[in-house]
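I opened this entry to keep track of what I looked up, and in what order. I began with the whole chain and then went to single residues.

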Amino acid sequence: MFCSKPILLICFCLLLRLRGTVSSSPLFHFCFSEGNYTSHTLYGFNLNNLLNSLSKTTPPTGFSLGSNGKGQYRVNGLALCRGDVSTEDCKTCVAEASTEIRQRCPTNKGAAIWYDYCLLKFSNLEFFGEIDNQYRFYMWNVQEVSNPAEFNAKVKYLLNAVSRKAYATPKLYATGELELGASQKLYGLAQCSRDLSSANCQSCLDQAISELPNCCDAKRGGRVVGASCNFRYELYPFVNA
């Protein structure tokens, strides 16, 4: 199921998923930016060098950004791995994203691609430090809960708490859980791209969480995923211990 939204917001259903794996298919991608290029141009050469660099510099810390070239041939990019993934899994994910994004957006000067474990974005425009609300999408579990009002309130409570933890940490990443009853827990995650300030991270996550009614009303799991921040909640553990 797809539904169009303003500012290229895409919504689609998500069946019950197990933990993400490095070799899984991309969650989604966008090809964007005015103007095209070919692989044999200077822009294509600079893009290849930048993506190769990000594949090497991202895994040790889970985040890297950089630029390559000058003027109209300058390309800017960043890669971000989910805060709980290992260095090796981060390396594998970013390398796969670097290959896949060039196949899916072979002539666009800007693109972004998301996996469970990582995000990769590049553009001919400078975007570091800015909140990107233009490219994002929803995912949700098709199963619904039996007590929507109570459940929705607890989801929002947990995500707000996890969000506050995220923008107060250097990694701009946090997870948390909330007891729902004697034998059930709610699990949550919030993360921002580390080029954002703490204040911009807070703003980005606040905006994402405000979209809960549109995204995930009464759903057993859901996400709002963007190029600057994302959140996720589930009724099962989905991060690595």
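My notes on the chain and on a few of its residues follow.

**Whole chain**

I noted at the outset that this is a predicted model. I looked up the secondary structure and found five helices and 12 strands.

Next I checked the overall dimensions. The C-alpha trace spans about 60 × 35 × 35 Å along its principal axes. I then asked what radius of gyration the chain has. I got 18 Å. A compact globule of 241 residues would come out near 18 Å, so the chain agrees with that expectation.

I looked at burial and surface together. Of the 241 residues, 51% count as buried. The chain exposes about 11000 Å². Carbon and sulfur atoms supply 53% of that area.

Residues 24 or more positions apart account for 69% of them.

I found 24 positive and 19 negative charges. Their mean positions lie 3 Å apart.

I went to Asp116 first. Asp116 sits in the loop between strand E6 (108–114) and strand E7 (118–123). Is Asp116 buried or exposed? Its relative accessibility is 7%, so I put it down as buried, the cut-off being under 20%. I then looked for a side-chain partner. The side chains of Asp116 and Arg223 are joined by a polar contact of 2.9 Å.

From there I moved to Arg232, in strand E12. Arg232 has a relative accessible area of 4%, so it is buried as well. Which side chains make polar contacts with the side chain of Arg232? I found Glu234 at 3.0 Å and Tyr236 at 3.2 Å.

I then listed what Arg232 touches beyond four places in sequence. Both Asp116 and Arg223 are on that list. Others on it include Arg82, Leu159, Tyr187 and Phe238. Gly188, Leu189 and Gly222 are there too.

**Ser228**

Where is Ser228 found? I located Ser228 in the loop between strand E11 (222–226) and strand E12 (229–234). At 5% relative accessibility, Ser228 counts as buried.

I looked up one C-alpha to C-alpha distance here. Ser228 and Gln134 are 94 residues apart in sequence and 9.8 Å apart in space.

I finished with backbone angles. Leu172 is not a glycine, yet its phi is positive, about 50°. I placed Leu172 in the loop between helix H3 (148–167) and strand E9 (173–179). Its relative accessible area is 5%, so Leu172 is buried.

Ala218 also has a positive phi, about 65°, and is not a glycine. Ala218 lies in the loop between helix H5 (212–216) and E11. How accessible is Ala218, buried or exposed? I found 3% relative accessibility, so Ala218 counts as buried.

Notes
Residues are numbered from 1 along each chain as its sequence is written. This is a predicted model: local features need pLDDT of at least 70, side-chain atom pairs count only at pLDDT 80 or more; totals for chains, interfaces and linings use all residues. Side-chain values use heavy atoms; hydrogens and water are left out. Helices (H or I, at least four residues) and strands (E, at least two) are DSSP runs, numbered from the N terminus. The radius of gyration is taken over C-alpha atoms; the globule rule is 2.2 Å times the number of residues to the power 0.38. Buried means under 20% relative accessible area, exposed over 50%, partly exposed in between (1.4 Å probe, protein chains only). Contact means heavy atoms within 4.5 Å. Accessible areas come from the Shrake-Rupley method with a 1.4 Å probe; for residues, only the protein chains shown count as cover. Lys and Arg count as positive and Asp and Glu as negative; His and the chain ends are not counted. The place of a charge is taken as NZ of Lys, CZ of Arg, CG of Asp or CD of Glu. A polar contact is a pair of N or O atoms within 3.5 Å; within protein, one must be able to donate a hydrogen and the other to accept it, and residues adjacent in sequence count only if both atoms are side-chain atoms.
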